[in-house]
Amino acid sequence: PYTANNHSYAFLGPFLPYLKLEQLDQFLPRLDEEWPLVHLPIIRTDFTNKDHARIFRATPPVDRNNFFKWMDRVENVYGNHWKKLGIYEFMQLCRLDLTSLDIPLLMASFILWNRSTHAFDLPCGRDSPGRLDVAAITGLRPIGERYAMGLIKDEINVETVGVNFRYSTYRRYIKEHQGEAGTYVTEKEHISFLLYWLSSHVLCTPALKVTKNVFNLAQALHLGKDICLSKFLLASLYKAMDEAVDIFKAPYLLRNFSGPLWLMQLWLNAIFEQKLNLKGEATMQKVEGARLTYLTRKKEYTVEAFKEYISTFLSFEEFTDDLAPFLRPSLIGPKWLKLRFPCENRGEQSELINIWSAFLTGDIIFTGTMERDIRFYAYQPQLFARQFGLSQLLPVPVMKQRLKPDHILNKKFIPDLINTA
């Protein structure tokens, strides 16, 4: 992007000023029900703290001491396995207080979420968590094998593992499946642990218990499959935000907010860090998510706080560095995310091209742990290109003639998946 005569332009797509609905619809037509809730004549504010205690129950469990003991036990044996998969630092995030949510801030984000573009419509243009943001917050690589239920076949039978789903509430599950101190951590226990971690701390399932639906993913991680977990996580966040908007529109709050809303909380902490002067403790963790966890305000819901956050969202009349928080030189993260481009090492440059191609190339991303519930979304980085601070379409050397990213979608893939779903 560049600026000329005080006007901002972007190479990766149109940059529209903040227009009225009728004017904007000429450029980006959509269904009436897809407009952000902020455009409604009346916005709901009649929530109570009792409502929030109930509907945000799907966040990671508050009583985590037994989980930490189990995690220490399994990590002693499988820690190197997690590092080879590139999920070790991501798993360490669950040791922090991801249960801490700024309720009025999240509620304000639901009001401004655009389900057509999966972005926030701000006065300065669009902004949204993307694959770069997920990589910075979690340390997960943006490349790897695409995951959706049915794409990876089970190589281990769930009955063989012996998981007892009759005792799947979080506390009872640990008691039933954690091995005794001094005994060896078996493959079955490792898969059982991954089932708990995925259900409770990553996907935050609405049933508030360990679900059999994530077994396919748990066994794939146990077997060392090179899965692009970050892509699956971003699609799961899109789904969670879409469902939150649906719940928000209902006359009564009948369902829990679920899904990885902790990820949205950390992303919001990043973009509001300067505007709201958020402060937190220092941390020795190796990803941005660890630092951002300490910035969460523990505010109870009030109409005044809700209005304050809506006003803060709408105060972004110009695109500032706040809206691209993960391009700063002091970024905390893995080495591959902080490498300068282009770099002298040919091997590192090849990897860097694949990584930034994943960040900047449009794609179809999938979520869903049941065949009947597979969702796919368009990842459209061109709609919020200024977050990347780049003016070139793809981050490759100027003289490079060919680029064959390993994540380009196979033309046969979508019809096969739709048939499966």
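# Briefing on a predicted, mostly helical-element model

Helix H12 (261-272) is largely enclosed by the rest of the structure, because twelve of its twelve residues are buried (buried means under 20% relative accessible area, exposed over 50%, partly exposed in between, with a 1.4 Å probe and protein chains only). The model is predicted: local features need pLDDT of at least 70, side-chain atom pairs count only at pLDDT 80 or more, and totals for chains, interfaces and linings use all residues. Residues are numbered from 1 along each chain as its sequence is written, and side-chain values use heavy atoms, with hydrogens and water left out.

**Overall make-up and confidence**

- The secondary structure comes to 17 helices and seven strands; helices (H or I, at least four residues) and strands (E, at least two) are DSSP runs, numbered from the N terminus.
- Of the 421 residues of the protein, 54% count as buried.
- Among contacts with a separation of 6 or more, 77% come from residues 24 or more positions apart; a contact means heavy atoms within 4.5 Å.
- The average pLDDT of the protein is 78, and 75% of the residues score at least 70; pLDDT is the predictor's confidence in each residue, from 0 to 100.
- Residues 8-19 have a pLDDT under 50, and the model gives them 27 contacts beyond four places in sequence.
- The pLDDT is also below 50 over residues 391-421, a stretch with 49 contacts in the model beyond near neighbours in sequence.

- H12 has twelve residues and reaches 16 Å from its first C-alpha to its last, close to the 16 Å expected at 1.5 Å a residue; the expected span is 1.5 Å times one less than the number of residues.
- The buried residues of H12 include Leu261, Trp262, Met264, Gln265, Trp267, Asn269 and Phe272.
- Pro260 sits in the loop between helix H11 (229-249) and helix H12 (261-272).
- Pro260 has a relative accessible area of 1% and is therefore buried.
- Not counting residues up to four places away in sequence, Pro260 touches Val202, Leu203, Leu233, Ser236, Leu237 and Ala240.
- The C-alpha atoms of Pro260 and His201 are 8.1 Å apart in space, while the two residues are 59 apart in sequence.

**Nonpolar core**

- The largest nonpolar core has 118 residues, and those with the most contacts inside it are Trp82, Phe110, Phe193 and Trp197.
- H11 gives the most to this core, with 13 residues.
- A nonpolar core is a set of buried Ala, Val, Leu, Ile, Met, Phe, Trp, Tyr and Cys residues joined through side-chain atoms within 4.5 Å.
- Trp197 touches Phe67, Phe90, Met91, Cys94, Val202, Leu221 and Leu229, leaving aside residues up to four places away in sequence.

**Strands**

- Three strands form an open sheet in the order E3-E4-E5, with antiparallel pairing; two strands pair if DSSP finds at least two bridges between them.
- Strand E3 (113-114) and strand E5 (125-127) are the edge strands, each pairing on one side only.
- E3 and strand E4 (residues 119-122) run antiparallel and are joined by two bridges.
- Trp113 has Phe120 in E4 as its bridge partner.
- Strand E6 (residues 363-367) has four of its five residues buried, so it is largely enclosed by the rest of the structure.
- Five bridges join E6 to strand E7 (residues 375-379), and the two run antiparallel.
- Ile365 stands opposite Tyr377 in E7.

**Positive phi values**

- Most residues other than glycine have a negative phi.
- His118, in the loop between E3 and E4, has a phi near 55°, a positive value in a residue other than glycine.
- His118 is buried, because its relative accessible area is 7%.
- Cys204 lies in the loop between helix H9 (187-202) and helix H10 (215-222), and its phi is near 50°, which is also positive.

**Cysteines**

- The count of disulfides comes to zero, where a disulfide is a pair of cysteine sulfur atoms within 2.5 Å.
- Cys204 counts as buried at 1% relative accessibility.
- Cys94 is likewise buried, at 1% relative accessibility.
- Cys228 is buried, with a relative accessible area of 1%.
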